[in-house]
Structure formats: structure tokens, C-alpha cells
Amino acid sequence: MKSALLVIDMQNGFLSPRSPLFIAGAPATVPACARVIARCREKGVPVVFVTRAYAADGSDVEKPRRAAFLAGGRPLSPGCGEEISAAMPEAFGADPKDYHIVKPRYSAFFNTGLDALLRKLGVGHVILAGTTTPNCIRTSCYDAISLDYDVTVLRDCTSSATDEIQRSNLADMERAGARIMDSDELAGEL
């Protein structure tokens with residue numbers, strides 16, 4: 001079965017401690033994510049970067065994040081500082097074969113062309129990496145399962161605000177049918 005790697009929200013606006021949207025565990029996952037991205041590219045596994053980008057006025061920011069967005073430098077929007085921008089870590093590099101999708105909400109599938117892209121590519125298995133586990137990873141996982149994809153969530157390539165939140169969300173996704181593993185295990189299977 002053909003796989004694709006989905007790298008979700010690994011952007012400065014979530015990785016920088018100066019951002020009001022900062023996820024405490026996210027920066028530590030950058031090296032593992034970079035290794036998985038490189039390995040997938042090497043093996044011909046499609047890499048899809050799924051990101052957020054907000055309007056400068058915040059009109060499209062999720063309701064729970066709106067106050068923090070407006071008070072905290074308007075991260076992930078045009079004109080915000082580079083440190084809280086929509087840019088991704090340099091460690092990920094760039095490849096013209098990569099795909100890029102901007103999502104309007106937590107799930108990578110909600111109101112995006114991701115499902116159509118994956119079906120066009122013949123993908124039946126998605127590998128999830130990125131942040132945050134209880135929001136964007138989890139909703140993407142459940143939507144993928146609902147759309148009949150096999151799902152793998154990479155434990156060391158996902159992050160939450162606390163270790164406890166991370167563990168409980170990974171356990172819930174596993175109970176829902178996702179396979180949970182570390183990136184080193186995945187590298188051996190690719």
C-alpha cells in the first residue's frame with residue numbers, strides 16, 4: 001500500500017517560544033521530523049506539508065485562538081515577524097516534489113484538497129508528524145480513519161503542551177485504530 005507523509009503545522013508560529021501559539025514540545029521534534037522527511041524523499045514517499053496561514057486582520061483565526069493571535073503579534077500572518085511566521089524550519093529543506101496545502105482549521109482534511117490529492121497519488125496509508133497532537137494531529141488522524149486510510153502517528157515527531165497530554169492523545173488514537181510508532185521504526189519499514 002502506498003504511503004504519504006503529512007507534516008502538519010511545523011511552522012515558526014508554533015515552534016517559537018515568542019509566539020502566543022507556541023507548543024512547548026514542538027521544537028524538540030524538529031530533528032526527528034527532518035530525518036523522516038529526508039528518508040521519505042529518499043524512498044519516493046510523497047511528502048505533504050499541511051500548514052496554517054492567517055489573514056492579517058485575524059478574520060480566519062479559530063475562535064479559541066483569536067484573542068491570543070490579536071494580542072501576540074499576529075503569528076502566521078503576512079507582516080508578522082519572521083520568528084512567529086508561517087515559515088518552516090530550515091532543517092526540513094525543500095524539494096520540488098513536495099506538496100503544500102494550507103488548511104483553514106485543525107484537520108488537514110477539513111475544507112482542503114488533501115483527500116483528492118492522496119487518492120490521485122494512489123495513497124492508502126498516511127503517516128502523521130507535526131503539532132499539536134491533541135488538535136491538528138488528532139483531528140487529522142480521525143478524519144483519515146473516517147476516510148478509510150490506514151494511519152500511522154509518529155510518537156517522536158508529534159508534540160503537545162505536556163507529556164501527559166501527549167501520552168493520553170496517542171493512546172486514544174491507538175484505540176481508534178491508528179498505529180503509533182517512533183520514526184526509527186518507520187525508517188526501517190520504508
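**Putting names to values**

Mentor: Start here: the backbone nitrogen of A26 sits 3.5 Å from a polar atom of the S159 side chain. This is a predicted model, where local features need pLDDT of at least 70 and side-chain atom pairs pLDDT 80 or more, while totals for chains, interfaces and linings use all residues. Residues are numbered from 1 along each chain as its sequence is written, and side-chain values use heavy atoms, leaving out hydrogens and water.

Trainee: What makes the link between the side chains of S159 and T131 a polar contact?

Mentor: The distance is 2.8 Å. A polar contact needs a pair of N or O atoms within 3.5 Å; within protein, one must be able to donate a hydrogen and the other to accept it, and residues adjacent in sequence count only if both atoms are side-chain atoms.

Trainee: Is S159 buried or exposed, and how do you know?

Mentor: S159, in strand β5 (residues 150-159), has 2% relative accessibility, so it counts as buried. The cut-offs are under 20% relative accessible area for buried, over 50% for exposed and in between for partly exposed, with a 1.4 Å probe and protein chains only. Leaving out residues up to four places away in sequence, S159 touches several others, including I23, G130 and Q166; touching means heavy atoms within 4.5 Å.

Trainee: Why is the Y54 and F69 pair called edge-to-face?

Mentor: Ring centres must lie within 6.5 Å to pair, for Phe, Tyr and Trp (its six-membered ring); planes under 30 degrees apart are stacked, over 60 edge-to-face and the rest tilted. Here the centres are 5.5 Å apart and the planes are at 75°, so edge-to-face it is. Y54 is in the loop between β2 (47-51) and α3 (66-71), with F69 in helix α3, 15 residues apart. Y54, at 3%, counts as buried, and so does F69, at 0%.

Trainee: What about α5 and α6: how do you know how they are oriented to each other?

Mentor: The axes of α5 (residues 133-146) and α6 (residues 163-176) come within 11 Å and cross at roughly 5°. Angles under 35 degrees count as roughly parallel, over 145 as roughly antiparallel, 65 to 115 as roughly perpendicular and the rest as oblique. So α5 and α6 are roughly parallel. Their contact includes I137 and Y142 of α5 and L170 and M173 of α6.

How values were computed: Axes are lines fitted to C-alpha atoms, for helices over the stretch in contact, and angles run from 0 to 180 degrees between N-to-C directions. Helices (H or I, at least four residues) and strands (E, at least two) are DSSP runs, numbered from the N terminus.
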